[in-house]
Amino acid sequence: MKLKLHFISLLFPITLFTQDQPCIDPKRPKYATGPHPKASPIFPGCESFKENNDSLNSCFGRKISQLIAEKLDKKYGVGEISDSLSYYQNKVRIYITQNGSMKLNLVNKFHTQFENILVQKLNEVSNEIIGIIPAKYEGNYCAPLYYTLPLTIELSEVETSQ
């Protein structure tokens, strides 16, 4: 009887701490590859789409695009590209870390004055965004994730001449 009581008393502290953790940081090799995350990152304002990864990714792209447009004092929206207007086209690499922070970088740099301003604005957006829920694998393991966002910005005459 004493042995059973002793055994049960050993299990009690273990079961006390078995609550669901928000995110487990995996110990993975530096260059490990693996399956896609079970759940995509959740950007603030996209929580209603958490049941569908495709919708989450679409919402995430729209929100980031809107923030970039606002920072550049541009209008966000998909319009027709005209031959008579000048455009800046590039891709933005979005890195979401395991702790939910975000870093935005341009894929191809042309080192123009407009691009230098754009890089500053991307850094501002990266620093302002908080509350991203990171991607998760099976077992609630957090996953860093990269996205690539195509970027087309209509340039004014002043920006074209810079």
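**Note on aromatic pairing and the nonpolar core**

1. One aromatic cluster is made up of Phe 43, Phe 60 and Tyr 147. The structure is a predicted model, and the remarks below concern that model.

2. Under the ring-pairing rule, five aromatic pairs are counted. One of them joins Phe 60 and Tyr 147: their ring centres lie 5.0 Å apart with the planes at 25°, so the pair is stacked. Phe 60 belongs to helix H2 and Tyr 147 to strand E5, so this pair ties together parts 87 residues apart in sequence. Phe 60 is buried, with a relative accessible area of 2%, and Tyr 147 also counts as buried, at 15%.

3. The rings of Tyr 88 and Phe 110 have centres 6.5 Å apart and planes at 85°, so this pair is edge-to-face. Tyr 88 is in strand E1, while Phe 110 is in the loop between E2 and H3, so the pair ties together parts 22 residues apart in sequence. Tyr 88 counts as buried at 7% relative accessibility, whereas Phe 110 counts as exposed at 52%.

4. The largest nonpolar core holds 31 residues, of which Ile 94, Met 102 and Leu 118 touch the most other members. Two or more residues come from each of helix H2 (53–71), strand E1 (86–96), strand E2 (102–106), helix H3 (113–128) and strand E5 (145–155). E5 gives the most, with six residues.

5. Which residues does Leu 118 contact, leaving aside its neighbours within four places in sequence? Leu 118 is in contact with Ile 68, Leu 72, Tyr 88, Leu 106, Leu 151 and Ile 153.

How values were computed: Residues numbered from 1 in each chain as written. Predicted model: local features only at pLDDT ≥ 70, side-chain atom pairs only at ≥ 80, totals over all residues. Heavy atoms only, no water. Core = buried A, V, L, I, M, F, W, Y, C linked by side-chain atoms within 4.5 Å. Buried < 20%, exposed > 50% of the residue type's maximum accessible area, 1.4 Å probe, protein only. Helix = DSSP H or I, 4+ residues; strand = E, 2+ residues; numbered from the N terminus. Contact = heavy atoms within 4.5 Å. Phe/Tyr/Trp six-rings, centres within 6.5 Å; stacked < 30°, edge-to-face > 60°.
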